Amino acid sequence: MNKNTYFPDKLRELGLRPTKQRLKLCDILFNRDETFHFTVNKIFQVIEKEFKEKISLATIYNTIHALKKKGYLKEILIDGNQSYFDT
């Protein structure tokens, strides 16, 4: 079964509507064979450049922090001021 079928339910569990933008973000983050590290700004740039999608920085930030709070992402602090996230 494709992971995409779980994304709407997972987003609803987080109290977020499963909008097209949030579903795309989940697809980019979790439909991978390997984990990866990213910053909010870097994933914003990747979405615009590689996927030609328009997702607001606020939507990305809020979704990533909701996913982190629920345990789907890990946050790694570097030098106390730079946050990286791990899938």
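Asp-9 counts as partly exposed, at 46% relative accessibility; partly exposed lies between buried, under 20% relative accessible area, and exposed, over 50%, judged with a 1.4 Å probe and protein chains only. The structure is a predicted model, in which local features need pLDDT of at least 70 and side-chain atom pairs count only at pLDDT 80 or more, while totals for chains, interfaces and linings use all residues. Residues are numbered from 1 along each chain as its sequence is written, and side-chain values use heavy atoms, with hydrogens and water left out.

Asp-9 has a charged partner. Its side chain meets that of Arg-12 in a salt bridge, with 3.5 Å from N to O. The term salt bridge denotes a side-chain nitrogen of Lys or Arg within 4 Å of a carboxyl oxygen of Asp or Glu. Side chains of opposite charge can pair when their charged atoms come close. Arg-12 and Asp-9 are three residues apart in helix H1 (residues 7-13), so about one helical turn separates them.

How many salt bridges does a search of the whole structure find? The search finds two. The other pair joins the side chains of Glu-75 and Lys-68, at 2.9 Å from N to O. Glu-75 is partly exposed, with a relative accessible area of 30%, and Lys-68 is likewise partly exposed, with a value of 28%.

The overall architecture may now be considered. The chain has four helices and three strands, and from the N terminus on these elements run α-α-β-α-α-β-β. The radius of gyration of the chain is 12 Å, close to the 12 Å that the globule rule gives for 87 residues, so the chain is as compact as a globular protein of that length. This radius is taken over C-alpha atoms, and the globule rule is 2.2 Å times the number of residues to the power 0.38. Helices (H or I, at least four residues) and strands (E, at least two) are DSSP runs, numbered from the N terminus. Along its principal axes the C-alpha trace spans about 40 × 30 × 25 Å.

Of the 87 residues in the chain, 31% are buried. The chain exposes about 5,900 Å², of which carbon and sulfur atoms supply 48%; these areas come from the Shrake-Rupley method with a 1.4 Å probe, and for residues only the protein chains shown count as cover. Among contacts between residues at least 6 apart in sequence, 49% join residues at least 24 apart, where contact means heavy atoms within 4.5 Å.

Helix H2 (residues 20-30) shows which residues are covered and by what. Its buried residues are Arg-22, Leu-25, Cys-26, Ile-28, Leu-29 and Phe-30. What covers them includes H1, strand E1 (37-38), H3 and H4.

Val-40 lies in helix H3 and counts as buried at 11% relative accessibility. Which residues does Val-40 touch, not counting those up to four places away in sequence? Val-40 touches Leu-57, Ile-60, Tyr-61, Ile-64 and Phe-85. The C-alpha atoms of Val-40 and Lys-54, 14 residues apart along the chain, are separated by 14 Å. Val-46 also lies in helix H3 and counts as buried at 14% relative accessibility. Between the C-alpha atoms of Val-46 and Asp-33, which are 13 residues apart along the chain, the separation is 18 Å.

A charged residue in strand E3 deserves attention. Asp-86 is found in that strand. Asp-86 is buried yet has no salt bridge, and the nearest side chain of opposite charge, Lys-74, is 4.9 Å away. Lys and Arg count as positive and Asp and Glu as negative, whereas His and the chain ends are not counted. Not counting residues up to four places away in sequence, Asp-86 touches Thr-35, Phe-36, His-37, Leu-73, Lys-74 and Ile-76.

Two loop residues complete the tour. Lys-52 is found in the loop between helix H3 (40-50) and helix H4 (57-70), and has a positive phi of about 50° although it is not a glycine. At 65% relative accessibility, Lys-52 counts as exposed. Asp-79 has its place in the loop between strand E2 (74-78) and strand E3 (82-86). Phi of Asp-79 is near 55°, a positive value in a residue other than glycine. Asp-79 counts as exposed, at 74% relative accessibility.
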